[in-house]
Amino acid sequence: MCWQLSKQLTALFWLTTCVCVFSCQASAQSSPSNEELQITNNPVGHRGGRLVVSLRSEPKTLNPVTSADISSREVLAEMTGDLIHINRFSQNVEPALAKSWKVSRDGLEYTLRLRHGLRFSDGHPLDADDVLFSFQLYLDDKVNSPQRDLLIVGGKPITIRRLDSNTVVFHLAQPYAAAERLFDSVAILPRHLLEQAYKDGKLAQTWGLSTAPDKIAGLGAFRLKEYVAGQHLTLERNPYYWKADREKQRLPYLDEITFLFVPNADAEVIRFQAGDTDVVNRLSAEDYSLLKSDEAAHAFHVYDVGASLEYNFLFFNLNSALPGNSAISQKQAWFRQVKFRQAISLAIDRASMVRLIYRGLATPLWTPVTPASSFWMDTAIPHPARSVVQAKKLLQDAGFSWSQTGDLTDSDRSTVKFTILTSASSRQRIQMATMIQQDLKELGISADVVPLEFRSVVDRIFRTHDYEAAILGLGGGDVDPNSQMNVWLSSGNDHVWDIGENHPATSWEAEIDQLMEKQLSTLKPQARKQLYDRVQQIIADNLPVISLVSPNILVAARNRLANFEPAALDPHTLWNAQELFLSGMGASGQP
Amino acid sequence: MRFLVHRLLHSIFLLVGISLLSFAFLELAPGNFFDEMRLNPQISHDTLVHLEKQYGLDHSFAERYLAWVRSAVKGDWGVSFAYGSPVAPLIWTRARNTLLLTGLAMLLSWMIALPVGLLGAAERGRWLDNFFSLGTSLLLVTPDLLLALGLLWLALRTHWFPAGGMQSLSSSSAHADKLKDVAFHLMAPVAILVLGGLPVLVRHIRAAAIDALQQPCIRAARSHGISRVRILFRHGLPLAAAPLVSLFGFSLASLLSASLLVEVVMSWPGLGPLLLEAILARDVYLVIGAVMLAALFLAGGMLITDCLLFAADPRIRTEKLA
Amino acid sequence: MKISIQARMLGVMLLGLHLIVFFAGFFAPYETSLQNRDLPFAPPAHIHFLDIQGKIHPRPLVCVLVERSDAFAEYFEDRGHCFPVRFLVRGAPYKLFGLMRSNVHLFGVDAPATIFLMGTDAYGRDVFSRFLYGGQISLFAGLIATVLTLVLGALLGTLAGYYGGWLDAGIMRGAELFLALPWLYFLIAVRAFLPLSLSPKDAFVMLIAVIGFVGWARPARLIRAVVLSSREHHYVLAARLFGASDMYLMRRHILPDTYSILLTQAVLLIPQYVLAEVTLSFLGLGAGEPTPSWGSMLSTLQQYSVLVSYWWMLIPGLVLVPVFFGYVLLASELQSGRKTAAS
């Protein structure tokens, strides 16, 4: 029952967090060594013990500048620190390495003050030059960091200068609403360890997995201890970490975190059941119910964290640039009709998808913004119930009719028929396609499900445009609308239904472009929300993407893990790893 | 000697052919490693183009192949896109674990399959043979993965063996303890591989032994009153050699590839997890590195087969050398 | 060639099974793509001979299944709503041989009751009907592909073993090349050139072509090994001295020696090829939803949660065991039948 108590307590503390951040800072400044520790609000725990977490695939590198895969980023999140951090639970920004910041009146300059007495995990002190060096690496176009594009605002890289050893100033080319969120997950790097490699042009090869632990240092709660190829990666406590709990006990509590490589979802569940791991970061709905029935007998708990940021959607090929001599352009005559898309959307049985594919652990969607971003989701968008009758009426209005055998035909008497492309590696999306196929049968439309291997799907959607309709899932990342810019801007490279347009194809796409650009430079959150609500309204009216469902985040953890507070944002479980402790450890775990 | 030199030359040609065709196949398949980043709205098109350039994906087929040959000669076998490091050490550290697993499994399956197959042949049509046949049919329709899940489920219920992995995290550093720990973890995956491989071996051994037992010399031996077991092992086995030697060659050749899926389910730190990820991710050089290593085993296995075939049958050898 | 009684009986049994699969439309009570969304993962139907009052019914009864409101896919039977199983009923239309239209099914039950002999899958589709229809693709594709593989393998293996020299070296290095290449990528590439949607018929042909084309190397090598030693038999050498032609020798003396290897390979390859369909489906070369296939049915089993929670999903797999056991026995009978005939 321990977790329940701690959960309530933590919930209480979260309510007061925002108020407390600054007052807590004041008390930290008085620490004797002139070290400005950040004081956290979690229930006080005790030190000791090891946490074992399963990772679906091995991390590929420990280099924060070049890493792109999820596993590496998950490990690096525990090993590195950023200047300003997005709290994964509250989804708001909070001070991290920068204890405070000021914004200039025009919104172009951000002056960040670093904490005093910060040290890397090898004991080397940090100063403003390390920050300058880090951003130089991320922005260098020869390094090709996947993070680089985030740091380009208004078409220009942000610039940075040093005021003194503790203060840096960032300059933006234009006002940027989510500027503070840019700093999240941009790891600050040790100049003393990386400068030589950078000068030699070998940055991409440094900090690979075989690097000796003493050659890697970061500002995270943990530092590298050991990597065994194919088996596990173990982190140990960073003794110089810059956070402490209310009793001035330096965090983290855990001695070690071990990432165990378990490359298969079923094996992940089995090894959790066997007691080999303590946390499962993401469960399928089936595995969730499986573990749920086992919960009482074993000392673990499964959590339904609620909606994720992932939105699955059906969309039609509206590209004007098509592969040569294809029949797709004829079918586009249907796809381009708003009423046709509306009819399809009306015929889809989202409730059954939620029930059969996700056992009810998902949310039906009528807009691509999920309830996980509660602030940004436009709740005014209607949720029309499934109605085959209305769908048929819409089709009739659009000039479609039905043949003797019940097949839908267009005004030229050709039968309406299309294929739904989806990735063979996502069981859920194949299931969605199969259910849509059955739903559309009631409209007299025969749709073929075409599952292909993932990269073939990507190639068809993004490069050759050789498909008719497709189901994709996007999401993850951040709640802020800025993270979706490339999806909604008609020039964006993730504008999936019509990629690489030079100018918007329709008037409503032009309006979306305008609104998205405008919200980017609008600084007041409420004003931004109004703009983004309008975008969602336009999407719901015109349905370039037909939103389907958003799965819930489902995780599992052992009961002895205290302060466990899973969140909708990545990494769902270990975002507060420094505050986690093992409650069963007793006195032996304490120093 | 001349035969060996010939065969080695052939093998070198074979390897070159395999590498060229593998490159061609990978070239033909749509998509590349960096496609996954296309789905990330926070990475721009320019960055992707730059990354493709950085890893030489914009070069021509011939240029890339030659660069790979140079790197292979150096011992790197190309650079993995995902890991950003040379392929050879990535593969080698894991291939050792795979070989430990498959080597043991191969040894055991032959040790079990030989007596079972021969017994089946000797008891042909009787209940023991039918029992074995039913067993092999059952194993034939059971996918390895299903077998693996079944065993894992058993592991959960009984705790007779661990539910995956190669070593316990908390194993002591003493050598004997480590060995015991690994042996404990080997049980389940080896069992799956043995069960999965048995039907093929048993059916072939049985068929070959039946053929051999029909030969006039065996019937003669039997009429001389030599015991059945003695006939089976002393006379029957050598006569059945030709197809069995080939089968043994296939066992050798598949040492690297037999366990890939099982490794993934059992979290065995072998080539399986690394390769399956690389295959789906189009990590070209990693895949080709593994294909080449497997081809090396294949060429070796086939060479050994041919040598054994000629050794078993003197008539073939004399003709070949003539 | 004399065929034993046992072999005949086995043959009849297997033939019957194939006929059932062939006439799946008649034996299957439901349409394969029909989703009963309120009945996912329903257990196999309970057949009752007693009604709720304890009265005996000569005609078996099936009761309406109701999903519990508090749990997913847990059901209870509404014993008050039972319906008799009817035979030769009219139901969903189907085509026999792809030609004759009909809507008569062997058995069925009136709505709202349902008769799912093997339960339902995640969409609430009848597993029994899907199993029968699935055999149409899997079983026949498996059989034909096996024959194709073995014919290719026997041809090339015999040529290589018989003539030796450069032909042997060429064919065998070719076989090794085939065994070593990463075919997956070739298939992905091939898929890119095919039309977006493959009809079940196209998929059927693809399946046979791909498997037959890629699979010949192994049997070829095995057969070559037998041919190598069998062409050195004294009777072969003697026949050659008498001026027998190569064709005659291969047909009369060499090929018969490969008989048992061919039979063994056939027995082993058929189930392998049925399972191979899963991999091809992953590449978009299989039949694809909603067309059922045995491969895809077995692959849903390879999901831990399904395996543990719904035991009846194992039934299709278990039904396949006697089918393949039948093949194994048949092969064994054929082999011994030939031997007794020879002696």
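His46(A) sits in the loop that links strand S1 (38-39) to strand S2 (50-55) of chain A; helices (H or I, at least four residues) and strands (E, at least two) are DSSP runs, numbered from the N terminus. The model is a predicted one, so local features need pLDDT of at least 70 and side-chain atom pairs count only at pLDDT 80 or more, while totals for chains, interfaces and linings use all residues. Residues are numbered from 1 along each chain as its sequence is written, and chains are lettered from A and ligands numbered from 1 in the order in which they are written.

His46(A) counts as partly exposed because it has 18 C-beta neighbours inside 10 Å. The cut-offs here are 20 or more other C-beta atoms within 10 Å of a residue's own for buried, 12 or fewer for exposed, and partly exposed in between, with C-beta atoms placed from the backbone. From C-alpha to C-alpha, His46(A) is 51 Å away from Ala470(A), and the two are 424 residues apart in sequence.

Chain A as a whole has 16 helices and 27 strands. Its radius of gyration is 26 Å, close to the 25 Å that the globule rule gives for 591 residues, so chain A is as compact as a globular protein of that length. That radius is taken over C-alpha atoms, and the rule is 2.2 Å times the number of residues to the power 0.38. Along the principal axes, the C-alpha atoms of chain A fill a box of roughly 85 × 60 × 45 Å. Buried residues come to 53% of the 591 in the chain. Contacts (C-beta atoms, placed from the backbone, within 7 Å) are also worth a look: among those in chain A between residues at least 6 apart in sequence, 69% join residues at least 24 apart.

One sheet of chain A is an open one with 5 strands in the order S22-S21-S23-S17-S24 and mixed pairing; strands pair if DSSP finds at least two bridges between them. At its edges are strand S22 (446-452) and strand S24 (545-547) of chain A, each pairing on one side only. Neighbouring strands are turned by 30° against each other on average, direction ignored. Strand S17 (residues 311-316) of chain A runs antiparallel to S24(A), with 3 bridges between them, and Phe313(A) stands opposite Ser547(A) in S24(A).

Helix H12 (residues 427-441) of chain A lies across S17, strand S21 (417-423), S22 and strand S23 (469-474) of chain A, and runs at about 170° to S22(A). For such angles, axes are lines fitted to C-alpha atoms, for helices over the stretch in contact, and values run from 0 to 180 degrees between N-to-C directions. The end C-alpha atoms of H12(A) are 21 Å apart, which agrees with the 21 Å that its 15 residues should span at 1.5 Å a residue; the expected span is 1.5 Å times one less than the number of residues. Buried residues of H12(A) include Ile430(A), Met432(A), Met435(A), Ile436(A) and Leu440(A), and also Arg429(A) and Asp439(A). The buried residues of this helix pack against S17, helix H9 (338-347), helix H10 (350-358), S21, S22 and S23 of chain A.

Next come the interfaces. Chain B puts 42 residues in contact with 47 residues of chain A. On the chain B side, the elements giving two or more residues include helix H2 (35-38), helix H5 (87-122) and helix H7 (144-158), but the largest share, 5 residues, comes from H3(B). This side divides into 21 nonpolar, 16 polar and 5 charged residues. Here Ala, Val, Leu, Ile, Met, Phe, Trp, Tyr, Cys and Pro count as nonpolar, Asp, Glu, Lys and Arg as charged, and the others, Gly among them, as polar.

Between chains C and B, the contact takes 46 residues from chain C and 49 residues from chain B. Helices supplying at least two residues on the chain C side include H4 (165-180), H10 (259-282) and H13 (315-342), with the largest share, 11 residues, coming from H13(C). By class, this side of chain C has 32 nonpolar, 8 polar and 6 charged residues.

Chain C has 13 helices and 4 strands, and 46% of its 343 residues are buried. Glu277(C), in helix H10 of chain C, counts as buried because it has 27 C-beta neighbours inside 10 Å. Leaving aside neighbours within four places in sequence, Glu277(C) is in contact with Ser138(C), Leu207(C), Gly286(C), Ser293(C) and Gly295(C).

Technical notes: Two residues are in contact if their C-beta atoms, placed from the backbone, lie within 7 Å.
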